[in-house]
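The following paragraphs accompany a protein model and are meant to be read with the coordinates open. Please keep the sequence at hand as well.

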Amino acid sequence: MTTRQIDARSELADLRAQLESRSEVLPVDASQLLLDSSQIKNDAVRQDLSARIERNEQEILSLPTREAIATAQLGVLAGELDQTQAEISALGRGMDAREQEEVHDKLDRARRVVMSLDGKPEPMRSLATETESLREAMFGISNELRKLWSTKDRLHGQLEEVSALRKNAEQILAFGRIGEEYGRLLREVGKKLPAAAGLSRRIAKRQDTIVDVRVERFRSEQKLSAAGTGSTAVDQLMSQLGDSAGADERAIVSSLLKDRRSALQDLNLIQGRQVEALDELNQLETELRERSAQLRLMLDQRLLWLPSAAPINSDWGKQIVAGIGSIFAQKNRAALLPAVRESWNANPWMYLACSSLILILFGLRKRLLAKLAQFAKPVGTRADRFGLTLYALLVTILLALPIPLAFAVLAQMLIEPASPGSVSSAVGQGFFNIGIVLFILDLFRNMCRHCGLFASHFHWPGVSVQRLGLALWGLSLALIPAVWLSGVAHVSDDPMYAEGIGRLGLLIISIALAVFSYRVFRPTGGAMTESLDRHGLVWRTRLVWFGVLVLTPCCWLALPWSAIRSARSSCRGVSLPLLG
């Protein structure tokens, strides 16, 4: 309706301009017949234009009423749709509840059969136990199907919420020029959108579950095709019971075979329903992800040059204190232990293996250092070969691995795939960032040892290697808290983190990189400039590349003070590629 109103007003302006335009100019010596025909033509055109103008004016006047009627009709349809969906959900829940009761009754019957066969031959008890396990699998699937209804209702609610957010955004964008106030409203809309990364992870995980269920269903179909209930199958099982089996045992065996086939058929059907339900959830979540991405793209295009945060002032310091206090608050600290416990229960053997590997690497540290010195001795002699450098690189990687691996394992235990924006996931992402940065920096720091790759294998000057190692050590101490703060601000749903500790992490990273570039690349006394040819092109242009290397982090440092003041964009667009 809004678009039609704009088009109708434009058409009305064009028609009025045509009506007010001058008539066709006739020659001075025109005949009376020509004058009369021209007058008739002009009157007809003016009458047509007046009629069209009147129709447009009536249409413009009626548009608000028509829009109100259409809105009311949409509201009625939306209410009916919600009611229908609620009825479908209630009906489905009721059907699943009745089916669960039926499955539970069949499971109880199978258990009673197993108990009644106590003391009977082993083949009969094995057949009854197999039927019981099939019924237990069905009962577990029926419980999961009931839980899936809650997930389905939640996704329908999120889809309706995204539709409402898009409508609100379009109403705000219809105002025309967007200022800071409207930009703040649109950012509030964007903050309410679900995270795309979390949706993608849930879709991928559910898709793996669908594949597993289909494989299990294929296996149950194979068992069903081989599960006979005729006299041949009964005779085959009776042959395992021996000559003492009589007519009673034969009747029991026939009943057990029929029960197992019935259980396989029911299991195959409920597995098919499970695949359909999971696939439907994936379709809903994919639609939710696409709608959220479209709305987020539309908002990003309109909000690119608008400030997303207040300039740095005394309130920024309060945001930093509040953000750090919120992370270490009792409520958030208490939420970390359940996340760790849940991750441990999900994959205990993986965490045990990683912990053992970390302890082994720490225990082998002295031997690895001795091996590194041993590989450095033959360098420059007749026993030197390229394989020694590869072995030294492998030992260097092993020396740099344990501490970053410990941070990565801790991060994996804290991250919650079901709630990617929680405090636990944010803290875990911060530890994961620390692991990445520490691995890269520790790798180069171990290369700077006196028997490392740089000094022994590449023959770099000892003074330069020592300076580079000290610079890397200082950079590590500065980047550890900075990348942790950036990771927490990047993942968390709380905007206070991005505008407070996220911006602080960006400032620390910028300062640390600027100081590191100065210590390493300064023309006099730098770690990487002692061996430069004083008559070469690189030395003659030293002021250019040295200024670029030092001033580039300083430009990042100036971002939070500039007019753009986009804290979240800065954290995501600058600090995360550094982790890379």
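This is a predicted model: local features need pLDDT of at least 70, side-chain atom pairs count only at pLDDT 80 or more; totals for chains, interfaces and linings use all residues.

Residues are numbered from 1 along each chain as its sequence is written, and side-chain values use heavy atoms, with hydrogens and water left out.

The protein chain contains 20 helices and zero strands; helices (H or I, at least four residues) and strands (E, at least two) are DSSP runs, numbered from the N terminus. Of its 580 residues, 36% are buried, where buried means under 20% relative accessible area, exposed over 50%, and partly exposed in between (1.4 Å probe, protein chains only). The accessible surface amounts to about 33400 Å², with 59% belonging to carbon and sulfur atoms; such areas come from the Shrake-Rupley method with a 1.4 Å probe, and for residues only the protein chains shown count as cover. Among contacts (heavy atoms within 4.5 Å) between residues at least 6 apart in sequence, 78% join residues at least 24 apart.

Two packed helices are described by the angle between their axes and the distance between the axes. Axes are lines fitted to C-alpha atoms, for helices over the stretch in contact, and angles run from 0 to 180 degrees between N-to-C directions. Helix 3 (residues 122–173) packs on helix 6 (residues 231–241) at about 130°, with the axes 8 Å apart. Helix 3 is therefore oblique to helix 6, given that angles under 35 degrees count as roughly parallel, over 145 as roughly antiparallel, 65 to 115 as roughly perpendicular and the rest as oblique. Pro123, Met124 and Leu127 of helix 3 make this contact with Leu237, Gln240 and Leu241 of helix 6. For helix 9 (residues 330–346) and helix 13 (residues 402–414), the angle is about 100° and the axes are 7 Å apart, so helix 9 is roughly perpendicular to helix 13. Here Leu336, Ala339, Val340, Ser343 and Trp344 in helix 9 meet Gln412, Met413 and Leu414 in helix 13.

The structure holds 16 salt bridges, each defined as a side-chain nitrogen of Lys or Arg within 4 Å of a carboxyl oxygen of Asp or Glu. One of them joins Asp266 and Lys106 at 3.0 Å, N to O. Because Asp266 lies in helix 7 (residues 247–303) and Lys106 in helix 2 (residues 32–116), the pair ties together parts 160 residues apart in sequence. Asp266 is buried at 18% relative accessible area, whereas Lys106 is partly exposed at 26%. A further salt bridge links Glu285 to Arg206, with the closest N and O atoms 2.6 Å apart. Glu285 lies in helix 7 and Arg206 in helix 5, so this pair ties together parts 79 residues apart in sequence. Both partners are buried: Glu285 has a relative accessible area of 0%, and Arg206 one of 12%. Salt bridges that share partners also join Glu102, Lys106, Arg135 and Asp266 into one network.

Two single sites complete the picture. Ser220, in helix 5 (residues 196–226), is buried at 4% relative accessibility. Leaving aside neighbours within four places in sequence, Ser220 contacts Leu264, Leu267, Asn268 and Gln271. Gly428 belongs to helix 14 (residues 423–447) and is buried at 0% relative accessibility. With neighbours within four places in sequence again left aside, Gly428 contacts Ala411, Leu414 and Ile415.
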